[in-house]
Each structure stands twice: as C-alpha cells, then as structure tokens.
Amino acid sequence: MKGVLATEKRGIRELGAEEMVGWDEVTQGVVLHSFDTEVENVAHIRPEERPYSDFNSYTATVASWRVIKPVYNRDVCIDCQNCWVWCPDTSIISRDKQMLGIDYDHCKGCGVCVEVCPTNPKSLLMFAEAEDNEEALAKWPEKKKKEK
Amino acid sequence: MIEIRWHSRAGQGAVTGAKGLGDIVSRTGKQVQAFALYGSAKRGAAMRAYNRIDDEPIITHEKFMYPDYVLVIDPGLAFTDNITENDKESTKYIITTHLNKEELISQIPALQDKADRVFVVDCIGISLDTIGRAIPNAPMLGALMKVSNMFELDFFLDSMKRVLAKFPQKIIDANMDAITRAYNEVK
Amino acid sequence: MADKMELNEVEVWDGNYAASQALRQAQVDVVAAYPITPSTPIVENYGAYVANGYVDGEYVMAESEHGAMSACVGAAAAGGRVATATSSQGFMLMLEVLYQASGMRLPIVLTVVNRAVASPLNVRGDHGDMYAGRDSGWVQIDAFNAQEAYDLTLCAFKIGEDLDVRLPVMVHQDGFVTSHTAQNVYPLSDEEAYAFVGDYKPVDEMLDFSRPVTYGAQTEEDWHYEHKAKQHKALMESYKVIDKVFEEFEKKTGRKYNRLEQYMMEDAEVAIVALGTTVETAIYAAEQLRKDEGIKAGVVAPRSFRPFPYNEIREALANVKSVAVLDRSCPMGAMGALYNEICGAMASTPANPLVTNYIYGLGGRDFAVEDAKNIFREQKANADAGYITTELQQFSGLRGPKLAFYEAKRS
C-alpha cells in the first residue's frame, strides 16, 4: 500500500540503489540540489507538490527496512502532534494540525511515535509488517482503567 | 647599492624612519627596500632596521649587509650594541648623543680608528625641543641628508611633508624644525 | 558603492600591505579572520578599508582560525567573494577546514604569510605551514616579493573563480622577509584592478532560495573516491586557467608570471630549485658567480606549487648536470618535499642530473647570498666530478658539527 498523499516521486527507489555513476558524472563539490527545477516559496508548497530531485531522500524508500509498523487509529487520536514532532524520519503526515496517517515509504518502524502518544488507548500501535491495517484496527485495545 | 643599518629601540621610530626614507627615495625613480629585525618586540628592546637603495630592482633578501651608513638613534645603543658589525672602510656613522664627538669616541673603543667617519647629533634633545617627545627618527633623517648629500634639504623637507600628510599641521611643522635643526647641527 | 583610493604609480609597500590592497581592489565581500603574526596586517587593513568605506564588504572576527575558515566556507557557499589570511599555528588550526573548502569547490583566497611551526615557538618565516597544505586540494601560488604578493593575489581570484577551476587558492609570501619588507610596488588603479578580477559569479549559492542545495554531504566508500578523483582532475587541469590568467595579467601590466619560473637556465650547468624570497637571493648569487667565478648557474622556481609544474620541471632541468633542491621546512625523517617532487619528475626522463637536498632557513634563519653561492659551488664540484661529492641531504646555515644524511649509491 502506498502511503497517504502518494506522489509520483515519493519512494521511487530503494535507498542506496542509486545508479553508481563514474567520477566524471558526480556533482561538483558534492553539492546536491533538492529539486529538479527552480522553486518559489518552497516553504509554502506541500511536499507532495515539490519537484524533488533524485538527490533528495524523499524520492527514496526505506519501507523494506521495516519488520514492524505503526498503525494509526483516527478514532482515538486527539491531534496533539506529539508523534509528528518526535518522528525522526518526517513520516507522520499532518495537515493543518490534523493527523492524516503514516508515510510508509519513509517510516523505518522505530516505534517512537507509539512511545510518545499520550492517548488511552494509544492512537498508534506497532503491528507486524505483514498484518493488514484493517485487521489491526479491529483488534484495537480498550481504554485502560486507572489503577487505584 | 647603498645599504643603511639603523640601531634603535622598539618605539623610537626606526621602522617608520626607514620606510619614510624608502618612500621618498622611491619617488626619485630609485628602487628601495626597508625592513627590520625585531628583537623581543617589546617597547624599548634593541632592534635594527635596514634600508637598501639601488638603481636596479633589489632582489637580494638576505638580512646580512655591509652597511654604508650606520644610524644610531638611541644614545645607549652606541655603547651596548655592536654598531660596527660587518662595517667597511668607508662606513659612516651617525650617532645620537648629547656628548661631543671626542667625548663619545673616547668611550667607545670600536670607533677609535674611525673618527673621520663618525658624526654626532643629539636627535633625542632635538626631538624633545621640537616635537615634545623623544622620537629621534625624523631628526636622524635630517642628519643623514647632510652627511650623505642624498638630497637637498628643501627637497627633503617637501617630501617629508607628503609622508607626514596624515598628521596635524602642528606635528608636521615640529618635524620640519627637527629635521632642519639636525641637518644644521650634525658634526 | 565603495570609495576609490588614489594610488601612486609607485608605492613603497610591504607584502602584507600589498596583499591587503589586492583584497580591497577585488572588493571581497567577506573576510572572516583570526589574525596571527606575521599576516595580521592583511586582515587588519581589510577591516580598516571596510570601516572607512573603501570596501563594500564585511569583516567577521572569528573565535579561532578553525572558526575563521569555517565562516569563510559558509560565506563562500552562500555565494560571496571570500578571502582571509593566516600563518603557522593558525594555518595548522585551519587545516581541517581547508580540505572542506576545496572539497566543496569554494574559490576562497587565502593569503598565507609563511611562518615556522612550533615547537619551539617562532614567529619568523619558513615554509612549514605551506608544506602542510600541499595535499589540501588548494591551488598554491608562491610570491617572491611584495610586488608579486600584490599581483598574484589579484590573479588568485581570477584563477580560483574560473568556472573550469572553482577551487580555493593560496597565495604564499615569506613571513617578515616579504610581509614586513617595504619595496617598490607598482599597483593598478582601482578600476583597472577590478576590471581584471571581474565580477564574482556565484555557483550553487545557498542564498539562491529557488534552488536549495546541500553542502557538505557524507559519502562513504561508494562515492567518496569518485568525488576526490574529480577534484584532483580539476586541480591538475587548473594549469590551463593559470596560464591564461598570467597571460592576461602580462597584457595588462607587462609583468610576466609562469607556473615554473626559470632564470639563466638557457646554458646553465648547475641549478638551484627553491621557493619564496630565496629564489631572488639565489638569482643574485648566480649573477655574481657567472661574472666572478665563471660558474654557469641558474635558478628554477615553482611559482605554482600546486598544481606542481611536473612537465616544465622535466624540460627545465633536462640539460643541467647538478641540481640543489632547497627545502625551507624540516622534513623530519625523510628528504625534503620539494626534493622528492623534483626527483620524481626527473626519474622518468632520460636526463639524469645529480640532485641533492639542502634544508635551510628554518625559523627565519637568514639565507645570505654567500650561502647560495656555496651551494652553487658544491653543485659545480658535483658537475665536474660527474658524481655527487656530498651527502644527499645537507643542512645549510646550521651551527654545530656538520649535519648530513644519505650517501649516493654509485654501483
């Protein structure tokens, strides 16, 4: 399954599977351009609309690195943005402070988002990579009672 | 090539004097070099400055020289520094002192067979009188003009005005007095 | 718009002042510096030019030389014309960042006033710092006097900024002997100098927000080697641009520079190869020896230390019988670096001159005309004997018992 807000450029190849060009084709000074074309006001363009170049890791995927994955449960989420802040791979997709889901092209399955989720039950839980997301949501745990 | 060695203490203006001389000489179409050998770089430490003057570009960069002129602008260094080092039969000495020539030479054995080549002038006294500070470099240049006949006094004074142009008029005038007095008083 | 400075046809400038005037006339945008003797006046003067309105630029006081060169890298990556100065210990502290600057292909100009490297502490001139930079990927140009320090600093911008080069450039001058010796210097007017250097054309500048770039990427064994090879090729081929810039400079000023300077080499039987002010002192000695002692002496001097003028060396020394290579840096456990370069060049030619190595002038020890003459005389003795009559490495101007190493093998 492609991640939320899929784009043509995102995750088009495995990270590290770049074409190994010779010395004559590498960039001068190891300078790497993020975009294929000029961009204006890039901070105001959403990632999926930016013309990312092959030098930008946006176009590479690390999905295969994952053996467990976070699954997101919209029903419990309070849009606190904790997971968005803490994700080390910018793989939490949020729009206008509203959680949309996981970017499975760039998520490595580290579990930090689950760790920092404050809801009860958690809105993000780790499941086996092979597990279907719908089935995972179906077995979501109940709210835990506070121990007295 | 004319070679000049200055014996000075850091702060007395030997480097400025050597560079000023170089500047003036360069405007007459000559090639010049002005450099210094700093001691411990503290104010008051003995140091030496050097000039070379030639018609051809000066390409030697050795510090070693057989000086044509030795300019001693600190009165004490005539006694404590080796001012006759590497001298020649023709080397001329201009020494700052309040003593007269005979008194000075009688106290410095190294100068005793060179009396006809020793000149004295009280650059410290002159600079105190005219500039108000013990900066003996400008009067020494006045004395050098007289002893060497390098330039006419008037030409040299005009040139020095240009070198000193960044200073207030009062300082320029005092330097002109100092140079003129040393030119007239060197013996 | 910066004010113009009125210069005389002939000025009496020392090497530091000459270099600082070149930085001003090139209208350097940023100088980030941590001043150190004997190069201090270069950046000090630039700061004064900025303060007095003679440069439309910025002087950045850094917290160390490492910081100074780092700020230069940042300013150059941002898209500015950038320069600084250093010497000795400061050069050593900059060294790590020198490799960054060249690897990122940033055409920074570094005016290096060569000074000995501690310990023991010493502020005077030798080539220890210059040698430490020889693998750093910079173009290294060597000035032998104050006029050349001025001329070559102007040329440095034009060489490094050329789109076929895009490498940082060091302009070396000898501490005190050049930096603090005032000599006749014939400067260009501000207009002529700037017209020669030209406007700066930034490449991949970080301040172009429409084309965001990454500088300083990491590459491991999969990419690093290719990038280094590409950089080496740029430096190896920079000689074409250096030649072109020297030609243009000659057209403008009549002063001719060559990547390998040669003096009286047409019929020379013996030669000294050297760097810095020693070159001129050796020429002075050679002229006298030719006149007074009939020794056909010549002098060869790499103006461009990097890229090294390998082919030119082979031609220049093809007909010389005995060559003395002078290194003003203690090689510590080996032959001098310049000696090794020269022997490497000559080893692949049919010419087989007798080549020996002289260490000299460490810590500013005077290199006198007489020292140069003695070295020439030893070469003459080698030439006459047809073999090397001395040890391969000798120390010139050293007190104490004679210090020398290695015998030549003759069978």
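How many residues does the largest nonpolar core have, and which residues have the most contacts inside it?

Reply: A caution comes before the count: this is a predicted model.

The largest nonpolar core has 180 residues. Those with the most contacts inside it are C:Cys72, C:Ala271 and C:Ile272. Helix α6 of chain C, residues 146-161, gives the most to this core, with nine residues. The core lies between domain 1 (11-253) and domain 2 (260-405) of chain C, because both give residues to it.

Take C:Cys72 next. Set aside its neighbours within four places in sequence. C:Cys72 is then in contact with C:Ala32, C:Val82, C:Thr84, C:Ala101 and C:Ile108. A second, separate core has 15 residues. Its members include A:Ala63, A:Ile93, A:Cys107 and A:Cys117.

Now the two domains. Chain C is divided into domain 1, residues 11-253, and domain 2, residues 260-405. Their centres, taken over C-alpha atoms, are separated by 28 Å. Domain 1 of chain C puts 26 residues into the contact, and domain 2 of chain C puts in 18.

One helix shows how burial is arranged along an element. In α11 of chain C, residues 337-347, the residues C:Leu338, C:Tyr339, C:Ile342 and C:Ala345 are buried. They lie on the same side of α11(C), because they cover an arc of only 130° around the axis. The face turned away from that buried side carries C:Gly344 and C:Ala347, which are exposed. What covers the buried residues of α11(C)? The cover includes β11 (270-273), α10 (310-316), β14 (322-327) and β15 (354-359) of chain C.

C:Gly47 counts as buried because 20 C-beta neighbours lie inside 10 Å.

Next, the neighbours of chain C. Two pairs of chains are in contact, and chains B and C share the most contacts. 17 residues of chain C are in contact with 17 residues of chain B. On the chain C side, β8 (182-185) and α9 (277-292) are the elements that give two or more residues. α9(C) gives the most to that side, with five residues. The chain C side divides into nine nonpolar, six polar and two charged residues.

Strands also pair across this boundary. β2 of chain B, residues 31-37, and β8(C) pair in the antiparallel sense over two bridges. There, C:Ala182 in β8(C) is the bridge partner of B:Ala34.

Chain A meets chain C as well. 16 residues of chain A are in contact with 19 residues of chain C. The chain A side has nine nonpolar, five polar and two charged residues. Here β2 of chain A, residues 32-33, pairs with β9 of chain C, residues 213-214. The sense is antiparallel, over two bridges. A:Leu32 stands opposite C:Thr214 in β9(C). Chains A and B do not touch each other. Their nearest C-alpha atoms are 40 Å apart.

That leaves chain A itself. Its secondary structure comes to three helices and seven strands. From the N terminus on, the elements run β-β-β-β-α-β-β-α-β-α. Along the principal axes, the C-alpha atoms of chain A fill a box of roughly 70 × 35 × 25 Å. Chain A has 148 residues, of which 22% count as buried. Consider contacts in chain A between residues at least 6 apart in sequence. Of these, 62% join residues at least 24 apart.

Key:
Residues are numbered from 1 along each chain as its sequence is written. Chains are lettered from A and ligands numbered from 1 in the order in which they are written. This is a predicted model: local features need pLDDT of at least 70, side-chain atom pairs count only at pLDDT 80 or more; totals for chains, interfaces and linings use all residues. Two residues are in contact if their C-beta atoms, placed from the backbone, lie within 7 Å. Helices (H or I, at least four residues) and strands (E, at least two) are DSSP runs, numbered from the N terminus. Ala, Val, Leu, Ile, Met, Phe, Trp, Tyr, Cys and Pro count as nonpolar, Asp, Glu, Lys and Arg as charged, and the others, Gly among them, as polar. Two strands pair if DSSP finds at least two bridges between them. A residue is buried if 20 or more other C-beta atoms lie within 10 Å of its own, exposed if 12 or fewer, and partly exposed in between; C-beta atoms are placed from the backbone. Domain bounds come from an automatic or database domain assignment. The arc is that of the directions from the helix axis to the C-beta atoms. A nonpolar core is a set of buried Ala, Val, Leu, Ile, Met, Phe, Trp, Tyr and Cys residues joined through C-beta atoms within 7 Å.
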